[in-house]
Amino acid sequence: MNTYTIDLALRPTTFDLWHVCLAGTVVVLALLLITVLISVILGMRRCKRHVPAPVPAPAIAPQPEIKVVEKIVEVEKIVREPAPEPVILKEATPDAALQLLSLLQKEARFIDFIKEDVSAYSDAEIGAAARVVHQGCGKAIDEHFTLAPVSQDQEGSRVSLHKGFDAASFRLTGNIVGEAPFSGTLVHKGWRVTDLRLPKLTEGHNASIIAAAEVEL
Amino acid sequence: MSEAARYSVGIDLGTTHCVISYVDLRHDGDEVALAVLAIPQLTAPGTIEEKSQLPSFTYLPHAAEIVEGETALPWVAKPEHLVGEIARNLGGKTPIRLVASAKSWLCHAGVDCKQAILPADAPEEVGRISPFAASMAYLRHLRDAWNHRFPEDRLEQQDVTLTVPASFDPAARELTVEAARAVGLHQAVLLEEPQAALYSWIENSEGDWRNHVRVGDVILVVDVGGGTTDLSLIAVTEQEGNLQLTRVAVGDHILLGGDNMDLALAYTVKAKMEQESGKRLESWQLQALTHACREAKEKLFNQPELGSMPIVVASRGSSLIGGTLRTELSRDELNRVLVEGFLPQVPVSERPVSKPRGGLRAAGLPYAQDAGITRHLAAFLAKQKEAVSELGHAALAENAGFLHPTAVLFNGGVLKAAGLSERLMGVLNGWLRAEQAPEARLLSGADLDLAVARGAAYYGFVRKGKGVRIKGGTAAAYYVGVESAMPAVPGLAPEIEALCIAPFGMEEGSEQALPNDEFGLIIGEPVRFRFFASKTRREDQVGTRLESWNDDELEELDEIEITLPEEGMHPGDIVPVHLTAAVTEVGTLELKAVSNRDDKRWKIEFDVRAGNE
């Protein structure tokens, strides 16, 4: 039976298999440590870039109401934009959103339509009701928003984007390589709200009632 | 006209909509920069929007109906009346509390417009208001909207022009001015709507109008508004080398307009829907149907390639798909109901049908019985055959059956539809061709919806001496009825003579006295005169006595009344007076009794309607 003694004065004179294994382990561990550290640093950087993502770019004006409107009207156009500084998220006032729902319900019976179970009805019946919704939504949107396409070109035509184009207004998709000017096909012309005329509310108006219950006497 | 005025403001106080337009008088240069005021108004409880039109509706809410504070406007926490879009919206579902067409009541014979009579079919407990109060409410809202927008230049200090239908009688004009004064607009003057439309056309042409009309032209202005149709004739003459415009005739007050058209369509579609679905439509559905029909009508008229438009009425409950009724409005139906119904192709000899009304007709407005606008037009042109004979215009051919207009100006949103305006031109030109007269041309370039308000604002400009002014004066000659000196015959009403007190075409600011005919008035007792107007007798002078006349020559208006106050005289004394008539600068007719003893004057009131019933 071997007995192990610790003698710090002793120095190895032969580089044997044990020592080879030990040295290899040290190198491997050191490399591992370095990789982990690098990846942590890189990861943190990337995370920083991702933080502002949920904020849609305020395209026309900084008021919170407008932001909400953007969300609804330009569903297609939520754009992520880098911002290096720490981000303060704006709290959207719910009134404007409620107002818009109320307008759509009043003019177009929007909520009624969405909340109804359509599976029981034929396409013709749904189509008839869709006319109410379509006409009304059109009226509500036309009365309260002025819309213009972002791009004046024909959909399907070739367009080119010069260096420094507004990435909030134009979103690139597909084979994004190389440098600007980019040339591609306009798939969707985009929509922009150029003017907004939401009704004003009296003090104390309960905007969360988007349609009052009706009782006929 | 105040010198301090910054703006000239035109107010179109329409039967269904009010519009306010203004022009900056300090703006230099020839160009007239006209703008239309966006009017903040409640659209639903608690919701305020700015719209260019204020619907002329008043809603009288129940105390429990609206939450406290939900009716606030930017300038007042709790307005006295609910007017505008909210009134129309709420009234759509509760018609018993809705006041509509107050303006038409102002010109309704036999009604005291200062009595709380509207809504006419409201139950007892609804606190009614008078047509006069409703007009005041609209004016007050417009005034406050203006003052909110221009706190530095209050409306009370601006030059204000109010438009009235050309067919408004003296009493209705007086009431309009009174309503304006009651809300502090003491300086407001009146302008006839067809004239305003022509001013707007002149303004719009930017000085080019002289190239579109020539001496000898007779311009027919056809104004089909929401609730009324107004006809006027304006002659182009020459004075010292300058073109001049003179309004030579106005038509009767015809209660027939775009709303009737939408309603007619709605009833047609309603019948069809009921037949198809087997269900009876309720009154609120008719309302939705009217809206849908209006939209379908506009689409069909604007897009000639469409054959029909689907009409959908949504259910009232939250189940949208289950309860929706659907049908179609075809182009044929549209043509049959609107074009053939309202603008029938008739010979010029046809006249509007008027059946005697049923004895038990509910109290209401005297809506036109014949919907054929072309028949009303034929009657007007035939009646005014002699309208331009004094102006040195080319005389009509001897066999001419009606006055031949050479140009036509349209006004009113209804005539935006090409189908309707072309039909109207076609019918008129057909009549002209039949009498070998040249066809009339259409003066284009007018904004049919806002022209009246814009023209009224431009009129303030014209009153400053810039630009051409339409000469007009009174559009009728006025008469009082006096009993003729004949021995009384038992069983026969005493014969009555019509004594002319104001001739046709009296200009603003002029006065005509009737010194030779003396009346004895009893102090303290009201004295009434029968009052007549004639839109065709142009040659009668003050003092002319008519012993007999045709029914269509003289039209009886409401009686006029005078009460001499005691003022130091004994009740029962008789004062000899003569009558004078004046047209004020504002544009209203003013009748006065002048004492032959000491020249004391007493005003004769027009608005004594229905007081004797």
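# Questions on definitions in a predicted two-chain model

Author: In this predicted model, the largest nonpolar core has 193 residues, and those touching the most other members are Ile11(B), Ile20(B), Leu142(B), Leu198(B), Leu409(B), Tyr479(B) and Ile501(B). Helix α3 (residues 131-149) of chain B gives this core its largest share, 10 residues. Residues are numbered from 1 along each chain as its sequence is written, and chains are lettered from A in the order in which they are written. As the model is predicted, local features need pLDDT of at least 70 and side-chain atom pairs count only at pLDDT 80 or more, while totals for chains, interfaces and linings use all residues.

Reader: What makes a set of residues a nonpolar core?

Author: A nonpolar core is a set of buried Ala, Val, Leu, Ile, Met, Phe, Trp, Tyr and Cys residues joined through C-beta atoms within 7 Å. In soluble globular proteins, nonpolar side chains tend to be buried together.

Reader: Which residues are in contact with Tyr479(B), leaving aside its neighbours within four places in sequence?

Author: They are Ala498(B), Leu499(B), Cys500(B), Ile501(B), Phe532(B), Leu546(B) and Leu554(B). Two residues are in contact if their C-beta atoms, placed from the backbone, lie within 7 Å.

Reader: Why is Arg109(A) called buried?

Author: A residue is buried if 20 or more other C-beta atoms lie within 10 Å of its own, exposed if 12 or fewer, and partly exposed in between, with C-beta atoms placed from the backbone. Arg109(A) has 23 other C-beta atoms within 10 Å and is therefore buried. Arg109(A) is found in the loop between α3 and α4 of chain A, and has a positive phi of about 55° although it is not a glycine.

Reader: Is Gln436(B) buried or exposed, and why?

Author: Gln436(B) has 10 C-beta neighbours inside 10 Å and so counts as exposed. Its place is the loop between α11 and β18 (441-442) of chain B. Gln436(B) is not a glycine, yet its phi is positive, at about 55°.

Reader: Why is Ala180(A) called exposed?

Author: The count for Ala180(A) is 12 other C-beta atoms within 10 Å, which means that this residue is exposed. Ala180(A) lies in the loop between β2 (158-161) and β3 (182-185) of chain A. Not counting residues up to four places away in sequence, Ala180(A) touches Leu161(A), His162(A), Lys163(A) and Phe165(A).

Reader: Why does Ala44(B) count as partly exposed?

Author: Ala44(B) counts as partly exposed because it has 18 C-beta neighbours inside 10 Å. This residue is in strand β4 (residues 39-44) of chain B. Beyond four places in sequence, Ala44(B) touches Ile86(B) and Asn89(B). Ala44(B) and Ile86(B) are 42 residues apart in sequence, with 5.0 Å between their C-alpha atoms.

Reader: How do you know that helix α3 (residues 94-108) of chain A is close to its expected span?

Author: Helices (H or I, at least four residues) and strands (E, at least two) are DSSP runs, numbered from the N terminus. The expected span of a helix is 1.5 Å times one less than its number of residues. This helix has 15 residues and reaches 21 Å from its first C-alpha to its last, close to the 21 Å expected. The buried residues of α3(A) are Ala96(A), Gln99(A), Leu100(A), Ser102(A), Leu103(A), Leu104(A) and Ala108(A).

Reader: What makes up the side of chain A that touches chain B?

Author: Here 20 residues of chain A are in contact with 18 residues of chain B. The elements of chain A that give two or more residues to this side are α4 (110-115), α5 (123-144) and β5 (200-201). The largest share, 7 residues, comes from α5(A). This side of chain A has 9 nonpolar, 4 polar and 7 charged residues. Ala, Val, Leu, Ile, Met, Phe, Trp, Tyr, Cys and Pro count as nonpolar, Asp, Glu, Lys and Arg as charged, and the others, Gly among them, as polar.

Reader: What is the peptide bond from Leu118(B) to Pro119(B), and where does Pro119(B) lie?

Author: That peptide bond is cis, with omega near -5°. Pro119(B) lies in the loop between α2 (102-106) and α3 of chain B.
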